[in-house]
Amino acid sequence: MNKTKPFRIPKQIVQEAYEKVKANKGSAGIDEVSLKEFEKDLKNNLYKIWNRMSSGTYFPPAVKAVDIPKKNGGIRVLGIPTVADRIAQMVVKIHFEPKVEPYFLEDSYGYRPNKSAIEAVGITRQRCWEYDWVLEFDIKGLFDNIDHELLMKAVHKHTKEKWEILYIERWLKAPFQKADGTEIKRDSGTPQGGVISPILANLFMHYAFDKWMKINYPNNPWARYADDGVVHCSTLEETENILETLTARFKNIGLELHPDKTRIVYCKDDNRKGSHTQEKFDFLGYTFRSRLAKNRRGEYFITFSPAISNKASKAIKQNVRNMNLQFRTNREINDLADLLNPKIRGWINYYGSFCKSELTPVLKYINKTLQKWVRRKYKNINGSKARARRWLIKVAEAVPQLFVHWKLGIIND
């Protein structure tokens, strides 16, 4: 063994880690060094990371703490490591993830290769038809409250590589640094925003919830995406029992169910009699509730199914407002299409997967925003809403493929 380089870390892994970090983009950490700045001396910077990690002398800098407003109010602290630290974390992720991934269960969907949120929504939809009751739960501050000792116990279970263990421990202890320069020591949690954090959170939850459910409630299917999940039950009594035991389970390991986001829900439809105080729930941007549907024979019936949530609709509209499209009068309509289409395509692909018609009002809102742009850009429109609407319809009829949602026939407001 090389005494100055006790850890065998191939240089090409550091290069691969850099490529992955570059693809993910992201902003600068506390050193204010951006990816572009880092790349000015790329070869030397990557060598420093490899040299220090190989010798055991790599110590992560503090994590930049950024306050992000939550959709429902409150603040979430996002931790932004430096570019160099993100690359170092990626080196460990490349090695560590294949060791834990095979142990994770099928219904854990968050931050995993070849898994997606929309899969979780789809399987939940199917199970809501099979089971009358749902326990919707959310863990309060999961990333902030993970017990380090329990987490490291799980890490040791899945790797014997000393350098992986060493650096994971160091990242867990790396302090937050606020905007005024003050540092906050951490004795629990793993920064939300770190490259290695999602895997560590999944590993913790694998033992805290996933495997625990499989052992204790093998007949109750569930789906989990990070700190957000659902459990399906046959009766109200069964659901209440699971809520009680799950609350105690999490309390024992330092976690808490969010009181406002955890509830028991009755999946009301045509075949289910009676009622309950809660007959709808939100999961991964979708609202599950009773909806009118039509079968193949053209007959209407009530089913329990998902569609884009009001919260997600409002978030999309706010995203469009933040683009200030109506003030971009120096741009042409083609330029606006280039700006909007990647976003619209993403929204349709995700929120249009179930009950696509519920997405229509959001897409029509985009048309109204485009009409505001038309009224400002063209003097002959003279601020008229009707003229702007006619102008936009004329363009849409001539070039229906210009905007992604126009291809779906969503042209008129």
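L292 has I302 of strand β11 as its bridge partner, and strands here are DSSP runs of E with at least two residues, while helices are runs of H or I with at least four, both numbered from the N terminus. β11 (residues 300–308) runs antiparallel to β10, with 9 bridges joining the two; strands count as paired if DSSP finds at least two bridges between them. This is a predicted model, in which local features need pLDDT of at least 70 and side-chain atom pairs count only at pLDDT 80 or more, whereas totals for chains, interfaces and linings use all residues. Residues are numbered from 1 along each chain as its sequence is written, and side-chain values use heavy atoms, with hydrogens and water left out.

**The protein as a whole**

- The secondary structure comprises 14 helices and 11 strands.
- The C-alpha trace spans about 75 × 60 × 40 Å along its principal axes.
- Of the 413 residues, 47% are buried, where buried means under 20% relative accessible area, exposed over 50%, and partly exposed in between, using a 1.4 Å probe and protein chains only.
- Among contacts with a separation of 6 or more, 68% join residues 24 or more positions apart; a contact means heavy atoms within 4.5 Å.

**The hairpins around β10**

- Back to β10 and β11: they form a hairpin with 5 residues between them, and G298 in the turn has a positive phi of about 85°.

**The four-stranded sheet**

- An open sheet of 4 strands has the order β6-β7-β3-β8, with antiparallel pairing.
- The edges are held by β6 (222–225) and β8 (263–266), each with a single partner strand, so one side of each has no neighbour in the sheet.
- From one strand to the next, the twist averages 15°; axes are lines fitted to C-alpha atoms, for helices over the stretch in contact, with angles from 0 to 180 degrees between N-to-C directions.
- Strands β3 (residues 133–138) and β7 (residues 228–233) pair in the antiparallel sense over 6 bridges, and W133 stands opposite C233 in β7.
- Helix α5 (residues 117–130) lies across β3, β6 and β7 and runs at about 155° to β6.
- Helix α9 also lies across β3, β6 and β7, running at about 170° to β6.

**Nonpolar cores**

- The largest nonpolar core has 66 residues, and M53, I87 and F250 have the most contacts inside it; such a core is a set of buried Ala, Val, Leu, Ile, Met, Phe, Trp, Tyr and Cys residues joined through side-chain atoms within 4.5 Å.
- Helix α9 (residues 197–216) gives this core its largest share, 10 residues.
- A second, separate core has 51 residues, including V265, A312, I316 and W373.
- Leaving aside residues up to four places away in sequence, M53 touches F7, I9, Y58, A88, V91, V92, W163 and Y167.

**Aromatic rings and charges**

- The whole structure holds 21 aromatic pairs, meaning rings of Phe, Tyr and Trp (its six-membered ring) with centres within 6.5 Å; planes under 30 degrees apart count as stacked, over 60 as edge-to-face and the rest as tilted.
- Y350 and Y351 make an edge-to-face pair, because their ring centres are 4.8 Å apart and their planes stand at 90°.
- Y351 counts as buried, at 12% relative accessibility.
- One aromatic cluster is formed by F137, F209, W222 and F250.
- R170 lies over the face of F59, 3.8 Å from the ring centre; a charge sits over a ring if NZ of Lys or CZ of Arg is within 6 Å of the ring centre and within 35 degrees of the ring normal.
- K377 has its charged end over the ring of Y378, 5.8 Å from its centre.

- Most residues other than glycine have a negative phi.
- A226, in the loop between β6 and β7, has a positive phi near 60° and is buried, with a relative accessible area of 6%.
- C355 has a positive phi of about 50° and lies in the loop between α12 (333–351) and α13 (360–377); C355 is partly exposed, at 32% relative accessible area.
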